[in-house]
Each structure stands twice: as C-alpha cells, then as structure tokens.
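Visitor: I am new to this structure. Could you show it to me and take a few questions?

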Amino acid sequence: VKIAVAANFTQAAKDIAALFERETGHKAVLSFGSTGQIYTQIAKGAPFEVFLAADRARPRKAGADGLGIEQTRFTYATGKIVLYSRNPDLIEGPSTLKKSGFSKIAIANPVTAPYGAAAVAAMKDLGVYDAVKARIVQGNNIAQTHQFVASGNAEIGFVALSQIAAHTDGSRWLVPESLYPAIAQDAILLNNGKANPAARAFLIFLGGPDANRVKEKFGYGVGEPAKIKPDA
C-alpha cells in the first residue's frame with residue numbers, strides 16, 4: 001500500500017509500518033512531505049492510496065473533491081509544538097522569544113504545514129510575532145524545520161514534539177495547547193486504494209492499540225479508531 005505521510009509523523013509512521021508488516025504481512029511504502037505539497041501531488045494524480053495529513057482540512061478537501069472516500073476520514077493523532085534549541089541554556093520558556101539571544105528562528109511554512117501555522121498562532125497569541133518575524137526562516141515542512149535547528153542554522157525553532165520526544169538534548173519549551181488551534185491529524189482512504197485490502201488494513205491498524213502505543217511514545221494524542229471496515 002502506497003501511503004503519503006505528513007513530515008511530522010515520519011518516525012512514528014516508520015515504526016507503525018514495521019509493526020503493520022510484521023502483524024499482517026502487508027508492506028507499507030511511505031512517502032513524506034508537507035501536507036500541502038502532498039495534497040497538490042494527489043490532485044495531480046500521484047498514485048497514493050492512503051493520505052496521513054497534519055491537519056483536517058486537506059483530507060476533508062480530498063473527500064469533497066472526489067479524490068478520497070469521505071466516510072473513511074478519521075483523526076489518527078493529535079500533535080503538539082515545542083520551541084527547541086540544541087543549546088541547553090538558550091530556551092527558558094516564552095520569555096526566550098522576547099530576548100536578543102538568537103538571530104534566526106525556524107518554523108515550517110505556515111501556508112502548507114499546519115505545524116507552521118500553529119507556530120505563527122502561538123507567537124501572535126504571545127504578542128511577539130511582529131518583533132521576531134524578520135528573523136524567521138521557513139522550512140518547506142516540519143522535517144526541514146527541525147533540520148535547521150539541529151544543524152545550528154537557526155538557534156531556535158518551533159518543531160513537533162514527536163521529533164524530539166526520544167531524547168533530552170538541548171533545551172525546550174512545550175507550548176501550551178491553548179496558544180494555537182488544535183493540530184488534529186486526519187487520515188483518509190484515497191480512490192486509488194479503494195480496491196486494495198492492504199490500504200484498508202493499514203487504516204484499521206493505524207487506529208488500533210499497537211499503533212497508539214507508538215503515537216504516545218512520540219508525544220502524540222492517539223486520536224480515534226478508524227472509520228472503515230476491511231471490506232467496506
């Protein structure tokens with residue numbers, strides 16, 4: 001089954017795909033990118049069979065535009081953003097954004113990446129966006145954004161909790177979820193996968209307990225069970 005996956009869910013998806021193959025014998029072939037970029041590819045005929053987005057809007061649009069099967073859409077995870085630096089002494093909480101201790105702050109493209117839109121919303125809620133916007137560097141997706149911070153090209157950045165949940169390096173501030181719109185991540189069965197039992201099996205597995213344990217390990221909320229049956 002060919003699956004398009006939002007970049008923030010990269011490592012979790014790899015772990016879930018390995019468990020899925022071990023459990024079912026089906027192989028999940030994963031492709032990663034920003035949610036907006038993936039949707040454009042789907043609309044242009046890319047042969048993906050399942051879409052794991054970083055928002056609700058694009059899977060909903062896929063259903064409305066006849067590219068996916070709307071009744072199969074469900075929230076498979078909820079995401080969180082973190083202000084992160086590889087410097088262990090730099091992040092002291094939201095006050096960091098009001099200081100001059102950094103020259104660049106990385107965020108994902110807020111137009112195509114929901115995690116970037118969440119970062120902008122949080123900065124505006126904190127009243128710091130206008131003061132720091134000249135120092136913003138944008139990654140095409142959250143994976144590239146994390147790379148900017150991990151490499152030191154940006155001293156700080158808003159990344160997905162999932163990207164740094166497995167280690168305690170650097171410094172971080174978990175952004176309160178009250179500061180940005182909920183990052184509910186939806187999945188949908190695309191038309192290309194309608195007749196593929198492996199596509200349906202993956203969505204069911206994605207909403208099940210084994211996948212949920214992986215999501216929790218990476219700092220996600222587990223979402224809800226899949227709205228799909230093996231044969232319908």
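This is a predicted model: local features need pLDDT of at least 70, side-chain atom pairs count only at pLDDT 80 or more; totals for chains, interfaces and linings use all residues.

Visitor: Where is asparagine 196 found?

Guide: Start from the elements on either side. One is β10, covering 183-189, and the other is α8, covering 197-206. Asparagine 196 lies in the loop between β10 and α8.

Visitor: Is asparagine 196 buried or exposed?

Guide: The relative accessible area of asparagine 196 is 19%. Buried means under 20%, so asparagine 196 counts as buried.

Visitor: Which residue's side chain does the side chain of asparagine 196 join in a polar contact?

Guide: Leaving aside residues up to four places away in sequence, asparagine 196 touches Val1 and Glu49. The side chain of asparagine 196 also reaches the backbone nitrogen of alanine 198, at 2.9 Å. The side-chain to side-chain polar contact, at 2.9 Å, is with glutamate 49.

Visitor: On to the helices: how do α1 and α9 run relative to each other, roughly parallel or roughly antiparallel?

Guide: The axes of α1 (residues 10-24) and α9 (residues 209-217) come within 10 Å and cross at roughly 160 degrees. Angles over 145 count as roughly antiparallel, so α1 is, relative to α9, roughly antiparallel.

Visitor: And how many charged residues does the contact of α1 with α9 have?

Guide: From α1 come Ala12, Asp15, Ile16, Leu19 and Glu23, which meet Asp210, Ala211, Val214, Lys215 and Lys217 of α9. By class, this contact has five nonpolar residues and no polar ones. The number of charged residues is five.

Key. Residues are numbered from 1 along each chain as its sequence is written. Side-chain values use heavy atoms; hydrogens and water are left out. Helices (H or I, at least four residues) and strands (E, at least two) are DSSP runs, numbered from the N terminus. Buried means under 20% relative accessible area, exposed over 50%, partly exposed in between (1.4 Å probe, protein chains only). A polar contact is a pair of N or O atoms within 3.5 Å; within protein, one must be able to donate a hydrogen and the other to accept it, and residues adjacent in sequence count only if both atoms are side-chain atoms. Contact means heavy atoms within 4.5 Å. Axes are lines fitted to C-alpha atoms, for helices over the stretch in contact, and angles run from 0 to 180 degrees between N-to-C directions. Angles under 35 degrees count as roughly parallel, over 145 as roughly antiparallel, 65 to 115 as roughly perpendicular and the rest as oblique. Ala, Val, Leu, Ile, Met, Phe, Trp, Tyr, Cys and Pro count as nonpolar, Asp, Glu, Lys and Arg as charged, and the others, Gly among them, as polar.
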